Amino acid sequence: MSGVQADSEVEPGTLLVAAPTMFDENFRRTVVFVIDHRDEGTLGVVLNRPSEVPVGEVLPGWGSHVVEPESVFVGGPVEKKTALCLAALRTGEDASELEGLIAVRGPVALVDLDADPDELVAKVRGMRVFAGYAGWDAGQLAAEINRGDWLIVPALPGDVLATPHRDLWAHVLRRQGLPTALLATHPGDLQLN
């Protein structure tokens, strides 16, 4: 064994794509955007689980500033009453220079929901609100990767704002090239094949 941790490729701005054989209902066919990864643990949000709850119902003042479908997305099974917001910045904008934003990677930033959305809207291509998050304690994610539960792939800024009408899970797998792209057609449960 090489001694390299299974999660050594995980960093803020990468995607964790659920393997086709993952049957945990919290993560089946999900794409998780990693916001923070360090020795103590990992935090991310599920990008492809929209809810029916309008953002304006839970965060008045923010509803008209988020991208379609203007609903809260289910970010994960942890702290479901906690809201997180991600934004994709416009070209030329730098999160470290803007009040109310914390840089994650490249043009993607975490939004301070106490900030004034009207001041941010001109600086971003779009924002999305998530209820809850996905979290792993130290060593937990590495064990799941070793077990084959997750594929680690690069994120594109547009992934954070992807429309729920597109199968983001299959789309992300397809753009990885062969042989990984073939997983996009995997039925999950081989008994259904």
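A salt bridge here is a side-chain nitrogen of Lys or Arg within 4 Å of a carboxyl oxygen of Asp or Glu. The model is predicted, so local features need pLDDT of at least 70 and side-chain atom pairs count only at pLDDT 80 or more, while totals for chains, interfaces and linings use all residues. Residues are numbered from 1 along each chain as its sequence is written, and side-chain values use heavy atoms, with hydrogens and water left out.

Searching the whole structure gives five salt bridges.

Select Arg-38 and Asp-36. Their side chains form a salt bridge with an N to O distance of 2.9 Å. Colour by relative accessible area next (buried is under 20%, exposed over 50%, partly exposed in between, with a 1.4 Å probe and protein chains only). Arg-38 is partly exposed at 48%, and Asp-36 is partly exposed at 27%.

Move to Arg-147 and Asp-149. The closest N and O atoms of this salt bridge are 2.4 Å apart.

Finally, select Asp-167 and Arg-29, a salt bridge whose closest N and O atoms lie 3.4 Å apart. Asp-167 is in the loop between β10 (150-154) and α4 (168-174), and Arg-29 is in the loop between β1 (14-18) and β2 (31-38), so the pair ties together parts that are 138 residues apart in sequence. Helices (H or I, at least four residues) and strands (E, at least two) are DSSP runs, numbered from the N terminus. Asp-167 is partly exposed at 39%, and Arg-29 is partly exposed at 29%.
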